[in-house]
Amino acid sequence: MSSTAPDSNASASTTVAAQLEDLAGQRAEGVLTISGQGHIWLSDGRIYLVETTSGSGPAEVLFGAGVGDLNELAERLAVPGASVTSELVENDPTSSQVIGRLLHEHNLNGLFELLVPGEVSLVFEAGVTHGLGVGFAEDARELVAQAERRLDIWRKIASRIPSTAARFRLASALPDGGEERMITADEWRYLALLDGHRSVADVITETGESAFRVCSALYRLLLEGLVQEL
C-alpha cells in the first residue's frame with residue numbers, strides 16, 4: 001500500500017493487523033473492507049467502528065445503551081454526514097460512559113473475529129465516513145494489541161473448550177479438599193446455568209454475553225476444577 005495514496009487494494013497475503021498498522025501510520029480516514037467478513041472504519045488512523053457479518057450493528061449497540069428507539073437509531077445512522085454519538089452525548093452527557101464502554105467491547109469483539117488468521121482480500125476506501133461519528137475512536141494499534149491478546153487466550157481456551165456444543169456441570173466437591181471459595185457475580189451467573197444439559201452456546205444465549213467472556217470464565221473454572229465436562 002502506498003504511503004501517499006491509502007485508497008487502494010491490498011494483497012490477499014496482507015494481514016488485517018498489518019494493514020491497520022499501515023493505516024494508523026498514515027492517519028487514514030475511510031473504511032477497510034475485509035471481503036465477506038466485515039468493515040473497519042477509521043478516522044485520523046483511529047478505529048471508531050468495527051462491523052462483522054455475524055455481529056450486531058451499531059444501532060443495536062446504541063440501543064443497548066438505552067439512548068433511543070432501535071428503528072430511529074438505524075435511520076439516524078443512515079443519514080449522510082451524521083455524527084450520531086456526538087448528538088446523543090450532547091443531548092445526554094451522562095450517556096457518554098455507557099456508550100463508550102459498549103462501543104469499545106463491540107469493536108474489540110469484532111476486531112478479534114476479523115484477526116483470526118485466514119486468506120482474505122482487503123480493500124481500503126479513503127474519505128468515506130460512517131454516521132456513527134468518531135467521538136469514541138480508539139488508537140488502532142492498541143485495539144489490535146488487545147484483540148491479539150484475546151486471540152492468544154482463545155487458543156488456550158480451545159484446548160479445553162473446543163466447541164460451544166460442550167456441556168459442563170458443577171464439580172461435586174471443591175478441588176484439593178478445599179472448604180470454601182469466593183464466587184464472583186459473573187461466575188455465579190454461569191454456574192447457575194451449568195446443569196449438565198445446557199451447552200456453552202446456551203449459556204452464551206441466556207446470559208447475552210460474548211462467547212469470549214463466557215468461555216474465558218468457564219476455562220478458568222475448568223482449570224480450578226470447579227466444573228467438569230460431560
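Colleague: In which element does S43 lie?
Modeller: This is a predicted model, where local features need pLDDT of at least 70, side-chain atom pairs count only at pLDDT 80 or more, and totals for chains, interfaces and linings use all residues. Residues are numbered from 1 along each chain as its sequence is written, and side-chain values use heavy atoms, with hydrogens and water left out. Helices (H or I, at least four residues) and strands (E, at least two) are DSSP runs, numbered from the N terminus. By this numbering, S43 lies in strand 3.

Colleague: Is S43 buried or exposed?
Modeller: Buried means under 20% relative accessible area, exposed means over 50%, and partly exposed lies in between, with a 1.4 Å probe and protein chains only. S43 has a relative accessibility of 14%, so S43 counts as buried.

Colleague: Which residues does S43 touch, not counting residues up to four places away in sequence?
Modeller: A contact means heavy atoms within 4.5 Å. With residues up to four places away in sequence left out, S43 touches A28, E29, Y48 and V134.

Colleague: How many bridges join strand 3 to strand 4?
Modeller: Two strands pair if DSSP finds at least two bridges between them. Strand 3 and strand 4 form a hairpin with two residues between them, and H39 stands opposite E51 in strand 4. The two strands run antiparallel, and the number of bridges joining them is six.

Colleague: Which residue in strand 6 is the bridge partner of R46?
Modeller: Strand 4 is joined to strand 6 (residues 138-139) by two bridges, and these strands run antiparallel. In strand 6, R46 has as its bridge partner D139.

Colleague: Why is strand 4 largely enclosed by the rest of the structure?
Modeller: Strand 4 has seven residues, and the count of buried ones decides the matter. Strand 4 is largely enclosed because the number of buried residues among its seven is six.

Colleague: What is the phi of D44?
Modeller: Most residues other than glycine have a negative phi. D44 is found in the loop between strand 3 and strand 4 and is partly exposed, with a relative accessible area of 36%. Its phi is positive although D44 is not a glycine, with a value near 55°.

Colleague: In which loop is R27 found?
Modeller: R27, which is not a glycine, has a positive phi of about 55°. R27 is exposed, with a relative accessible area of 56%. R27 is found in the loop between helix 1 and strand 2.

Colleague: Which residues have the most contacts inside the largest nonpolar core?
Modeller: A nonpolar core is a set of buried Ala, Val, Leu, Ile, Met, Phe, Trp, Tyr and Cys residues joined through side-chain atoms within 4.5 Å. The largest one has 26 residues, and those with the most contacts inside it are L20, L32, I40, I47 and L111.

Colleague: What share of the residues of the protein chain count as buried?
Modeller: The secondary structure of the chain comes to nine helices and nine strands. Its C-alpha atoms fill a box of roughly 65 × 45 × 25 Å along the principal axes. Of its 230 residues, the share that count as buried is 42%.
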